[in-house]
Amino acid sequence: MNSFTLTQATAADEAVRDLTSHDGAAYLGGGTNLVDLMKYNLERPSHLTSLGMLPLADITGLPDGGLRLGALATNADTAWHPEVEKRYPLLSQTILAGATPQLRNAATNGGNLNQRTRCYYFYDLAAPCNKREPGTGCSALTGPNRVCGVLGTSDSCIATQPSDMCVALAALEAVVRVQGPDGERTIKFQDYHRLPGDQPEKDNTLKPGELVTAIDLPAEGYADHFVYLKLRDRSSYAFALVSVAVGLKMNGDTIEKARFALGGVAHKPWRDQAAEQLLEGQKPSPDLFRQVAAKVFAEAKGYGEGSLHNSFKIELGKRAIVRALKQATEMQYEVNPNAFLNSNP
Amino acid sequence: MSQTIATPPTVRLDTDVIGRPVSRPEGPAKVSGAAKYAAEFSVTGPLWYGYIVSSPIAKGKITKIYADEVLAIPGVQQVFSHENVPSLAWFDRSYKDQVAPGGSPFRPLHEPEIQFSQQPVAMVVAETFELARYAASVLRIEYDVDEFNTDLKAAASKSFDAPKGKTGFLPPPKPKGDMDAAYADAPHKVSGEYTHRAQMANPMEMFGTTIDWLGDGKKMKIYDKTQGAPNVQQYLTKIFGLSKEEARIISRFTGGGFGAGLRPQYQVFMAVLAALELEHSIRVVMDRSQMFSMGHRPHTIQNLRLAADDKGHLQALEHTALAETSQFEEETETVVNWSGIMYNSPNSKFDYQLTRIDVNTPADMRAPGAATGSFAIESAIDEMAYAAGVDPLDFRLLNYTYEDPTENKPFSSKRLDACYHEGAARFGWEQRTPEPRSMRDGNMLVGWGMAAGCWDASTQKAAAKAILHADGTLVVNSATNDQGAGTYVIMTQVAAQTLGLPMAQVKFNLGDTEFPEAPIQGGSWTANSVGTAVQNACQEVGKKLLKLAQDMDDSPLKGVDFEDVQFANGCLRANEDVSRSVAITDILAASGEAKIEADGKAGPNPANLLKYSMHSHNAVFVEVKVDEDLGTVHVTRVVDAVAAGRILNPKTARSQVLGGVVWGISMALMEEAYLNNDLGRYVNHNYAEYHIPVNADIKKIDVIFVEEEDHIASAIGVKGVGEVGMLGVAAAICNAVYHATGKRVRELPLTIDKLL
Amino acid sequence: MSLHFTQEALDKTPPTIVPTQPVTLNVNGEDHTIQIAPWTSLLDALREYMDLTGTKKGCDHGQCGACTVLVDGKRINSCLALATVYQGKQIQTIEGLGSEDNLSPLQQAFVDHDAFQCGYCTPGQICSAQGLINEGRCKTEDEVREHLSGNLCRCGAYTNILSAVMEVLHDGQVVVDNGTLVTIPAQPSASSSVN
């Protein structure tokens, strides 16, 4: 970890000013990702603008029936907020499937969006990595890459976005509110994170100095038919190998509206709108689900065979989609605020 | 009408504490944060910090270290590397610790050559931890890189017979009969290759050393994380030319070791180097990624061939293994022998080979060799039982042996049969339907599998000192270790019962080289060895007490032999007539002595070693639930039945076995250090991606200790429980997964992808 | 043939070290003023500057939970917290839950159930379990297992840890009434209710 100065900002515009007035500065939220990265010497900011005192921790209703999640609300407070549990149980369950109680108590919603992608080589200074040092090459293309992606990859990077929460936010079609030197703007969730392409050093579409202030959820929360299925190497406290967040609106036995996203397979939460459309207006069936799963992974590319390599994620991802859709359609949801444990196998 | 009722035959005495489930005396210190581990001790003056820099390459040579740039940072005190290490001991033997394998031990900072990735290449010393860490991150080092190979299979053609010489290593048993002919002729046969890759001990406490520079010549208090303070002291005194007074090693608490702390680790070398050169107190702690640089359970490929007749009697048994070692040492484990010890086959063949790759020397890790071997043989036995159409438990009973076929000696005790029967009964094995895929719970496939294991019960040389004070408090000291095994509590129990004192009056101290020497804590030998030494020391005190008691005026014990007295409830009294009793404090008061001291020793019994094969045994029964579509495996129930001789403390012994089961689950389903052969480096060197179980992975575990006492294996009847509980667990899980799914997985860990 | 590899310094600019400042932390009800720079973690502040070594360092990266402390009643990983931004908060460590001579009910239950072996993860396990109890969300064994999964135990004491926590959880600290939890008052939450 390098040496740095630190300012505690008390308002968003003050934070933006503070950050832009220092070279090599970064925003500090809960610190659960940034401090980790700094200890691995992967981030070396010379100044931190601490956001802990910003009044952005509220969760409030929106006029259109949606819900605004303050960027500084912790993941735990968000997951256990009564309105989130009641109206957006998919989000609640997904947050609780990620990390640990300790991390969720410190990690903020804004920080969750901005956590860096995961890859063994990004985290190891001894290994070439285009994301860390553009142009040095990608060690994951041929080396062990179990944690890496199979969708939307490029020859320069196959890292995966590790957030669980973001998978649900993608399925829920959230909108990210940001404030920067040039004022405020909103970013659709599916446009917030980016694919690596030939610029893997960039994880998201934030412009320099921009600060996430809130995440807006639309009114539809899919509280009657949802599931977050997370497959991982142990029962808890592990990154997803593959995860699926599904929200469905059913009309009788017909799927009226379908939204789903995948985690653990790409540089961003993976949504396939064409695949979602295959479901809409249809009656649930194993064949339909398999068709949808095949569509999602039609362009997938695996990077080697065996346990250490990730080609298995293509088959696993398909099976996870089929299972998640089945569970979501069959679900008879009862309002039970204590039913926060997801049904992870 | 009155009737005389006989006195109940056994009235247990309050001080009869051996065998009772008493809590650990150090427990309150551990749960309140008062227990001090190596990196937590205060020193007399200011403390400096060392931060280790590790090699990013697997093989080559350091060509330049830009130390000046770092030394220019205010507060940085020194940069140590091969360039400025003073002249130290010359010969390899000075660097050989008690459990070093053959070869030339690694010498930290000795030369510019790099022999393995993450080899320590430098250490920055600074006035704060943060500054040392920062300075280490800006130290520029240049290397010339050589070609290397870290792939075991690529090096297999250069394999060689594992050399003898390492403490505890047994060469493969001699062949019997005609293995190949018997295998060819038998009606039922199986063969398979079983593999696991490198695994890391990864104890929770990272290796660290705090040195208190006492300002009196070279005298130091060295607080070190180790499983054996005397081993560290011998290592350091030989290398640095120090006296034992100058290098006192203290390790009161050890935050897990599991083998990683058997050999002195490089941070203690570097801390002592810095303290001597700078004449200053220092603390050096590895970081978690560096914990992946210090030896690992070796990647091993095992091949088994078994054949049986129509009744299920084994006719042929072949077990061979190929394991990795480093370029500079020959780490050896006892891997293939267990098959021969467990199962009697008229025709058998064994082989154990090593091959060199460019990694650090592998190390003993919990149940070294046996965890490896039992996974393979116990999987293969399951396959054999299925091929012969015999229930896996019946097959093991059919091929049960009452003597050790590898040495043609009887076992000193063997109640594996009781483990099988009691374990099976508790588990409900008879409810099992044998066909694969025949048991279900809703959408989940259910599998029941079993396996067994054995571990050698050995006694090492150990010593202890007992000091009984006039106020009736007893202090017992031994330089042994407690990495969590329960040494504190069982030694307190042994001492308390031997002298008939309440446990609250007994204080057992360990982890200090000022105490009588004891072996490193490993091999499940602490209870046997140190326990016997403690008992002997206390008995010697007892003999002195009897003499003093007999010197008292009007002593009720005049003329009574030591064999005819007992120590109970704070008194010394005659067996024949317990009313002939004197309080221990009264004896001391009458004698005028402030204290009575005595030494006790223990060691292997050569006569017994010649006559008997001594082993602990276990049988494991496992239930798994498998989601076949998604490839997930959950271990929902485990019964581990253990025959380990006398159980000194069923509470802490149970914890040892519970931990062993968790280790077995971990080995079966999760653990693997991912080796990138292009980089020559493990790449998941952190707790986020090197998976060990979390609480949610562990469901019901039932531990059974079958009744057993073995006074041949050790004077106090103990065989040791540290390793045996883990054995067979990985195989039982794989066997259960086969029963659930019909899929045989022979490569660990059994991750989701292997069942898709 | 040999390649050249340089382990580069990680900063292009010459090193500058930010000076230390007095920082006041309220730990276990007492104010402690220490002299540190922003780069000191709460964990190192406790262990290296305040001699409160009950809080353990098992990975220093938020991957093991040994460093768990309670901040305003909530459990966090102190290794990923920069000490300076925790001024003004109520920090509780294992030393603040009870002492060797006066153990808290959880600490006593850990001793009674032998819920540890080496003891190194134990303070973190206990602080985490205290946080779990404060949250008032868990009542079944499976819930407790899941919500204690942020604390690794390499000795494998999980079975006994669960028993110890369940004992305390159901001994008056949390009352299960008609299937819902009646529990100690929740800690003040950062979230406000919906307008």
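The model is predicted. In chain B, the domain assignment gives domain 1 (3-32 + 459-603) and domain 2 (369-458 + 607-668 + 704-756). Chain B also touches chain A, with 28 residues from chain B and 32 residues from chain A taking part.

**The two domains of chain B**

- The C-alpha centres of domain 1 and domain 2 of chain B are 36 Å apart.
- In the contact between these domains, 23 residues of domain 1 of chain B meet 21 residues of domain 2 of chain B.
- On the domain 1 side, the elements that give two or more residues are helix 11 (487-498) and helix 12 (526-551) of chain B.
- Helix 12 of chain B provides the largest share of that side, with five residues.
- By class, the domain 1 side consists of 10 nonpolar, 12 polar and one charged residue.

**The contact between chain B and chain A**

- The contact takes 28 residues from chain B, and the largest share of this side, three residues, comes from helix 3 (residues 129-137) of chain B.
- The chain B side divides into 12 nonpolar, seven polar and nine charged residues.

**Helix 8 and helix 16 of chain B**

- The axes of helix 8 (residues 370-388) and helix 16 (residues 729-741) of chain B come within 8 Å and cross at roughly 30°.
- Angles under 35 degrees count as roughly parallel, so helix 8 of chain B is roughly parallel to helix 16 of chain B.
- The crossing of helix 8 of chain B with helix 16 of chain B is right-handed.
- Residues of helix 8 in this contact include Phe375(B) and Asp382(B), while those of helix 16 include Cys734(B) and Tyr738(B).
- The contact of these two helices has five nonpolar, three polar and two charged residues.

**A five-stranded sheet in chain B**

- Five strands of chain B form an open sheet in the order 20-21-29-30-33, with mixed pairing.
- Strand 20 (439-441) and strand 33 (700-705) of chain B are the edge strands, each of which pairs on one side only.
- On average, neighbouring strands of this sheet are turned by 30° against each other, direction ignored.
- Strand 20 and strand 21 (residues 444-456) of chain B run antiparallel and are joined by three bridges.
- Met439(B) has Val446(B), in strand 21 of chain B, as its bridge partner.
- Helix 15 (residues 650-669) of chain B packs on the sheet and touches strand 30 (632-643) and strand 33 of chain B.
- Helix 16 of chain B lies across strand 21, strand 29 (615-627) and strand 30 of chain B, at about 155° to strand 21 of chain B.

Note on methods
Residues are numbered from 1 along each chain as its sequence is written. Chains are lettered from A and ligands numbered from 1 in the order in which they are written. This is a predicted model: local features need pLDDT of at least 70, side-chain atom pairs count only at pLDDT 80 or more; totals for chains, interfaces and linings use all residues. Domain bounds come from an automatic or database domain assignment. Two residues are in contact if their C-beta atoms, placed from the backbone, lie within 7 Å. Helices (H or I, at least four residues) and strands (E, at least two) are DSSP runs, numbered from the N terminus. Ala, Val, Leu, Ile, Met, Phe, Trp, Tyr, Cys and Pro count as nonpolar, Asp, Glu, Lys and Arg as charged, and the others, Gly among them, as polar. Axes are lines fitted to C-alpha atoms, for helices over the stretch in contact, and angles run from 0 to 180 degrees between N-to-C directions. Angles under 35 degrees count as roughly parallel, over 145 as roughly antiparallel, 65 to 115 as roughly perpendicular and the rest as oblique. A crossing is left-handed if the near helix is turned anticlockwise from the far one by less than a right angle, and right-handed if clockwise. Two strands pair if DSSP finds at least two bridges between them.
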